[in-house]
Amino acid sequence: DTPPQSIARAEELLQKALAIDDSHAETYSLLSVLAMQKRQHEKAISYCEKALALNSNEADSTARCARTLEYLGRAEEAIALVKRAMRLSPYYPNWYLFVLGVAYRMTGRYDEAIAAAKGFLNRNPNHPYAHVLLAVSHFQAGRQEEARATVAELLRRNPKFSVKKLAKPLGWYKNPAEAERILDAARKAGLPE
């Protein structure tokens, strides 16, 4: 209910963890997520660089850093990192597919973005952001009918989901034009304000 306080508390606990032992990649990758939420892009990438330097074989940290790169507009690098995380952890968590799909969409590889989003939704059919990823990928690929059908399915599963709800995490993008492209496609595919 209080995101700013939750973020502050998480950061406080992660800093305590660093004070105890500053050699864990995961601590730095989690700090990168918090930095992105606060739009501290340079700090976020610095934390990722530290995480990868400490342990480039830690799959979750690698995938988190791929997500940070996406928000910085470095989608090709994100694809390489998340694929690496998938190799490191062949039974990877579902969210890796979401990270991969976003990066593919950002690079215009829409069929691959659609496949990743569908893979995610096969495991978690109610996840609203995966439906948005699928709808926006369809829309940007010129498949408006599929985009509208995806938004209809999203709203069937999550009737209160809206552009306003979608916009919040999109504010983390370093380039606001990327967020606007997503919001514009989602609106045109039928997502209500």
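Helix axes are lines fitted to C-alpha atoms, taken for helices over the stretch in contact, and the angle between two axes runs from 0 to 180 degrees between N-to-C directions. In this predicted model, the axes of helix 10 (residues 163–170) and helix 11 (residues 176–188) come within 10 Å and cross at roughly 165 degrees. Angles over 145 degrees count as roughly antiparallel, and helix 10 and helix 11 are therefore roughly antiparallel to each other. Their crossing is right-handed.

The contact between these helices is formed by Val163, Leu166, Ala167 and Leu170 on the side of helix 10, which meet Ala179, Ile182, Leu183, Ala186 and Arg187 of helix 11. By class, eight nonpolar residues and one charged residue take part in this contact, with no polar residues.

The largest pocket has a volume of about 490 Å³. It is lined by 24 residues, of which Arg67, Tyr71, Phe98, Pro169 and Trp172 are the closest to its centre. Two or more lining residues come from each of helix 2 (25–37), helix 4 (59–71), helix 6 (95–106), helix 8 (128–140) and helix 10. Helix 6 gives the most, with five residues. The lining comprises 18 nonpolar, three polar and three charged residues.

The second largest pocket has a volume of about 170 Å³. Its lining consists of Pro3, Pro4, Ile7, Gln37, Lys168, Pro169 and Trp172. Helix 1 (3–20) and helix 10 are the elements that give two or more residues to this lining, and the largest share, three residues, comes from helix 1. By class, five of the lining residues are nonpolar, one is polar and one is charged.

Notes
Residues are numbered from 1 along each chain as its sequence is written. This is a predicted model: local features need pLDDT of at least 70, side-chain atom pairs count only at pLDDT 80 or more; totals for chains, interfaces and linings use all residues. Side-chain values use heavy atoms; hydrogens and water are left out. Helices (H or I, at least four residues) and strands (E, at least two) are DSSP runs, numbered from the N terminus. Angles under 35 degrees count as roughly parallel, over 145 as roughly antiparallel, 65 to 115 as roughly perpendicular and the rest as oblique. A crossing is left-handed if the near helix is turned anticlockwise from the far one by less than a right angle, and right-handed if clockwise. Contact means heavy atoms within 4.5 Å. Ala, Val, Leu, Ile, Met, Phe, Trp, Tyr, Cys and Pro count as nonpolar, Asp, Glu, Lys and Arg as charged, and the others, Gly among them, as polar. On a 1 Å grid over the protein atoms alone, a cavity is a set of points where a 1.4 Å probe fits but cannot get out, and a pocket is an open set with protein on both sides within 12 Å along at least five of seven lines; lining residues have an atom within 4 Å of a point. Grid points are joined across faces, edges and corners, and a volume is the space filled by probe spheres set on the points.
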